[in-house]
Structures are given as C-alpha cells and as structure tokens.
Amino acid sequence: MSAAPAPLQAARAHVLIAVKDLRHAKSRLGPSLTADERAALTLAMVQDTVTAAFSSEAVHAVTVVTPDAVVAAAAGALGAAHFPDRGGDDLNAVLTAAARTVLSGRIVALQGDLPCLSGPELTAALAAARPLRRAVVVDHHGTGTSALIAESHDLDPRFGLDSARRHIDSGATALDGDWPGLRLDVDTPGDLAAAIALGPGPATTRALLSMDHIGSSHSR
Ligand SMILES: Nc1nc2c(ncn2[C@@H]2O[C@H](COP(=O)(O)OP(=O)(O)OP(=O)(O)O)[C@@H](O)[C@H]2O)c(=O)[nH]1
Ligand SMILES: C=C(OP(=O)(O)O)C(=O)O
C-alpha cells in the first residue's frame with residue numbers, strides 16, 4: 001500500500017480488530033468443528049477481514065489487538081500492526097487502550113469474523129458515519145455490533161451481550177446501509193452456513209475446503 005499524503009491519511013480511518021487466543025476463540029462453533037479446525041477457520045476469517053479492510057479506500061491502517069502470536073504474524077503479513085493484549089483486561093478495556101494509542105482520527109472497532117466483508121461496504125459505512133460523532137453497524141441478528149465508529153478518544157466500546165442496544169443507548173447512531181458482508185459476523189454454525197451462501201473471501205474458502213465434512217464450493 002503506498003503512503004497517502006498526510007491530510008488524506010488523517011481523513012481516513014484506523015481499523016482495530018480484537019481477536020482472542022485462537023485456542024479459545026469461536027467456542028460457539030464447537031459442536032461442528034474440531035479445535036484445530038476452529039482455530040484455522042477463526043484465523044482465516046481474520047485474514048479475510050484484514051484484507052477487505054485494507055481494500056477500502058477509506059482505511060489507512062489496520063491494527064490487530066490480540067494476545068495470539070499466530071494471529072499477529074498472519075495479520076502482520078497482510079500489513080496490519082499489532083497491539084498486544086497481555087490478558088487481564090476485558091475486550092472493551094483493551095479496545096479502549098488500543099484506541100488511545102492512536103492519537104487522533106477516526107477509529108473503527110471491527111469484528112474479525114466478517115469473511116464476506118468487502119472494501120466498498122466499509123467505505124460506504126465510513127462515509128455514512130462521517131457526519132456522526134459515534135456510529136454503530138448492527139449485525140445481521142440485530143443484537144450484536146459489527147463495527148463501532150468514532151474518534152479515538154470517544155470510542156467507548158460496549159461489546160458483549162446486546163451490544164447494539166448498549167451502543168445505541170450510549171449515543172451511537174445505527175447506520176442503515178445494505179451491507180450484508182459487513183453485517184454477517186460468524187459465531188454459530190447457522191452464521192457459517194449463511195456466510196457460505198453469501199460467498200466468503202479466499203482464506204475462509206480455502207479453510208472450508210480443507211474441512212470436507214463442511215465443504216464449500218462458494219467463493220467470491
Ligand atoms: N484481544 C482480545 N479480543 C477479544 C477478547 N474477548 C473477545 N475478543 C474478540 O472479540 C470478538 C467478540 O468476542 P466473543 O464473541 O466473546 O468471542 P468469539 O471468539 O467471537 O466467540 P465465542 O467464543 O463463541 O464467544 C472476537 O473477535 C474475539 O476474538 C479479549 O479479551 N481480548
Ligand atoms: C461481542 C460481540 O460479538 P459476538 O457477535 O461475537 O458475540 C458483540 O456483538 O458485541
């Protein structure tokens with residue numbers, strides 16, 4: 001990625017993607033996958049999410065917030081920076097700390113399990129959020145958060161149960177764009193089936209193809 005001139009770079013967003021230790025991630029996919037498959041799929045979805053984020057012209061940097069060296073290395077190979085999470089803090093505390101290390105500008109706290117995300121979707125969401133102090137992209141279930149967008153000092157992340165409601169109740173405006181890939185976070189076997197139907201990115205497609213009991217002939 002070539003460096004943008006400073007004013008343009010300042011107008012673009014910094015994406016933060018939190019990912020927990022791969023051994024513990026995506027436990028709700030547990031019944032249909034082995035532990036190794038779950039880790040491989042989690043990593044592949046992070047890779048597709050990072051790749052899609054970098055393909056958005058409204059993004060100038062991506063940082064993964066993670067204690068996992070494998071995630072940090074794989075995201076680093078795609079150009080992402082690493083903010084180490086040494087444990088002891090919850091997700092929202094570690095996201096707040098990461099956002100504060102980015103001194104100014106727009107932050108997108110983005111889920112890392114968006115295998116169908118496209119760059120144009122993220123560009124459109126960031127454009128819709130531009131006039132707003134704080135904005136939320138509600139996930140496909142209507143209860144969770146795919147993305148929280150705000151200035152770095154003002155992120156106030158409230159991820160977790162019913163986070164869409166808690167972001168809205170704390171002042172974030174829900175964006176209403178038609179962004180199926182941005183909204184489709186994969187936590188359950190049903191979400192995974194929906195992602196396979198929509199068309200996951202290449203890393204996720206490759207991971208699924210290696211799991212012949214799930215299998216996928218779908219790719220973008
Ligand atoms: N760095 C970091 N990321 C976290 C932490 N807790 C959760 N996350 C990430 O935040 C996102 C939402 O977290 P969860 O829904 O709790 O976890 P998940 O791995 O997606 O799914 P489940 O294990 O099925 O709950 C996921 O990308 C997680 O990897 C944490 O303590 N530190
Ligand atoms: C933590 C959240 O995500 P998930 O859908 O992975 O539970 C959330 O939506 O706030």
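Trainee: How far is a nitrogen atom of ligand 1 from a polar backbone atom of Val 65?

Mentor: The distance is 2.9 Å. Please note that this is a predicted model, in which local features need pLDDT of at least 70 and side-chain atom pairs count only at pLDDT 80 or more, whereas totals for chains, interfaces and linings use all residues. Residues are numbered from 1 along each chain, chains are lettered from A and ligands numbered from 1 as written, and side-chain values use heavy atoms, without hydrogens or water.

Trainee: Which side chain has an N or O atom 2.6 Å from a nitrogen atom of ligand 1?

Mentor: That side chain belongs to Asp 85. A polar backbone atom of Val 19 is 3.5 Å from a nitrogen atom of ligand 1. Such polar contacts are pairs of N or O atoms within 3.5 Å.

Trainee: And how much of ligand 1 does the protein cover?

Mentor: The protein covers 80% of the 610 Å² of accessible area (Shrake-Rupley, 1.4 Å probe) that ligand 1 has on its own.

Trainee: Which residues come nearest to ligand 1?

Mentor: Of the 16 residues around ligand 1 (a heavy atom within 4 Å), Lys 20, Lys 26, Ser 27, Arg 28 and Asp 85 come nearest. The shell comprises six nonpolar, four polar and six charged residues, with Gly counted as polar.

Trainee: What lies 2.8 Å from an oxygen atom of ligand 2?

Mentor: A backbone N or O atom of Gly 160 lies at that distance, and so does a polar side-chain atom of Asp 187. For Gln 111, a polar side-chain atom lies 3.0 Å from an oxygen atom of ligand 2. The protein buries 82% of the 300 Å² that ligand 2 exposes when taken alone.

Trainee: Now the fold: in what order do the strands of the open sheet run?

Mentor: The seven strands (DSSP runs of E, at least two residues) follow the order β3-β2-β1-β4-β6-β5-β7, with mixed pairing (at least two bridges between strands). The edge strands, each pairing on one side only, are β3 (81–84) and β7 (173–174).

Trainee: In which sense does β5 pair with β7, parallel or antiparallel?

Mentor: Strand β5, residues 134–138, pairs with β7 in the parallel sense over two bridges. Val 136 stands opposite Ala 174 in β7.

Note on methods: Polar contact = N/O pair within 3.5 Å; in protein donor to acceptor, adjacent residues only side chain to side chain. Helix = DSSP H or I, 4+ residues; strand = E, 2+ residues; numbered from the N terminus.
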